[in-house]
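Have a look at the fold, then go through the points in order.

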Amino acid sequence: MELAIIVIKSYVLIGYALSVVSLLIMAELIDIKEHKFVTEFFNQSLTKDHLARSYLLTGRDLGSKHQLVKQMNMVLNCSANKDLVLRAACGTCQSCRWIELATHPRTPIYLRPDAESKTHVIKVDQIRELQGELSQSSEFFRIVIIEDASSAVLNPNSSAALLKTIEEAREGTLFMLFAESRSSVLSTIVSRSQVLALNNNSDKEFTEAARELSDELREFFGSNNASSRLAQLMKAEEISSRENKDLVGALQILQNDFSNSADLAQADLVLQYEKAISSLKSSVRPQLVLAELFLLS
Ligand SMILES: [Zn+2]
């Protein structure tokens, strides 16, 4: 009998030691391929306890989006991280293991068009059902995943119901919406979500739209208009609705121009553009980033 207790105690101790070791190893979210800024962004949000209620992850890399959400799910639900002081999951507790094996009974919740539905639309009834589920108290942090949040799947009716659900959701609920591009999603959803772009290397080649936008900006900065604060703000507002990757691309093209210029006065601008590009990538509101940048240009 006593031996059994000693054996159990040593197992508990070994388990505890293992979880401490793994806590030290998993100090924060692990970078996902080339999407380092996104993991860094979430590390900071977790540290500052500044999580938004709803995120829209854009780009074609579905695998990376799932990896990211899985890590978030682990960190937010890990029993060794109850007060969320860490940006880490132990990887060994019941909750972590459930999430690892995709067998967690309460999270994540997938919201998808009904398999039998011919329309491939998420229906308002499904969202009401979700709302009912989320209104129940839970000891777990609930992550709702919508793998296709495009307007074809989340139409105006279902979007309205979803926005209400997001607004009324209890603490400890996080909505993760996926879409290929920001422009494929209804603007009401975009405006209430923090948008993060997970671009692939192939996306880094400048789009036609990015090139056109960089030409447009060169023309603007070359005109007399560019020195007027009002004109700068209007230009920032006007182009801020463009696709994030086109904005980033256009700024990168202009930044290249400055880098190649022999004018030393441009060196400062290169840094300002770098800062603006990284802000846009971390989904700071484009209007703010551009208005600040144009004032300096
Ligand atoms: Zn854990």
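1. A definition to start: two residues are in contact if their C-beta atoms, placed from the backbone, lie within 7 Å. Among contacts in this chain between residues at least 6 apart in sequence, 77% join residues at least 24 apart. Keep in mind that this is a predicted model: local features need pLDDT of at least 70, side-chain atom pairs count only at pLDDT 80 or more, and totals for chains, interfaces and linings use all residues. Residues are numbered from 1 along each chain as its sequence is written.

2. For the overall parts list, the chain has 12 helices and five strands. Helices (H or I, at least four residues) and strands (E, at least two) are DSSP runs, numbered from the N terminus. Buried residues make up 32% of the 297 residues. A residue is buried if 20 or more other C-beta atoms lie within 10 Å of its own, exposed if 12 or fewer, and partly exposed in between, with C-beta atoms placed from the backbone.

3. Two strands pair if DSSP finds at least two bridges between them. Strand 2 and strand 3 (residues 142–146) pair over two bridges: Ile109 has Val144 as its bridge partner, and Tyr110 has Ile145.

4. Further into the sheet, five bridges link strand 3 to strand 4 in the parallel sense, with Ile145 standing opposite Met176. Strand 1 and strand 4 also run parallel and are joined by five bridges; there, Leu57 stands opposite Phe178 of strand 4.

5. How covered are these strands? In strand 3, five of its five residues are buried. Strand 4 has six of its seven residues buried, so it is largely enclosed by the rest of the structure.

6. Which residues touch the most other members of the largest nonpolar core? They are Leu56, Val75, Val144, Ala149, Met176 and Leu177, out of 46 residues. Strand 4 gives the largest share of this core, six residues. Apart from this core lies another, of 16 residues, among them Ala210, Leu251, Tyr273 and Ile277. A nonpolar core here is a set of buried Ala, Val, Leu, Ile, Met, Phe, Trp, Tyr and Cys residues joined through C-beta atoms within 7 Å.

7. Met176 is worth a click. Leaving aside neighbours within four places in sequence, Met176 is in contact with Tyr55, Leu57, Val69, Ile143, Val144 and Ile145.

8. Thr58 is another one to find, in strand 1. Thr58 is buried, with 26 other C-beta atoms within 10 Å. Thr58 and Ala197 are 139 residues apart in sequence, yet 4.7 Å apart in space, C-alpha to C-alpha.

9. On to helix 12 (residues 286–296), where Pro286, Val289, Leu290, Leu293 and Phe294 are buried. Seen down the axis, these buried residues fall within an arc of 120°, so they line one face of the helix. That arc is taken from the directions from the helix axis to the C-beta atoms. The face turned away from the buried side carries Leu295 and Leu296, which are exposed.

10. The peptide bond from Thr107 to Pro108 is cis, with omega near 0°, and Pro108 is in the loop between helix 4 (94–100) and strand 2. Asp49 is not a glycine but has a positive phi of about 55°; Asp49 is exposed, with 8 other C-beta atoms within 10 Å. His120 also has a positive phi, near 55°, and is found in the loop between strand 2 and helix 5. For context, most residues other than glycine have a negative phi, and most peptide bonds are trans.
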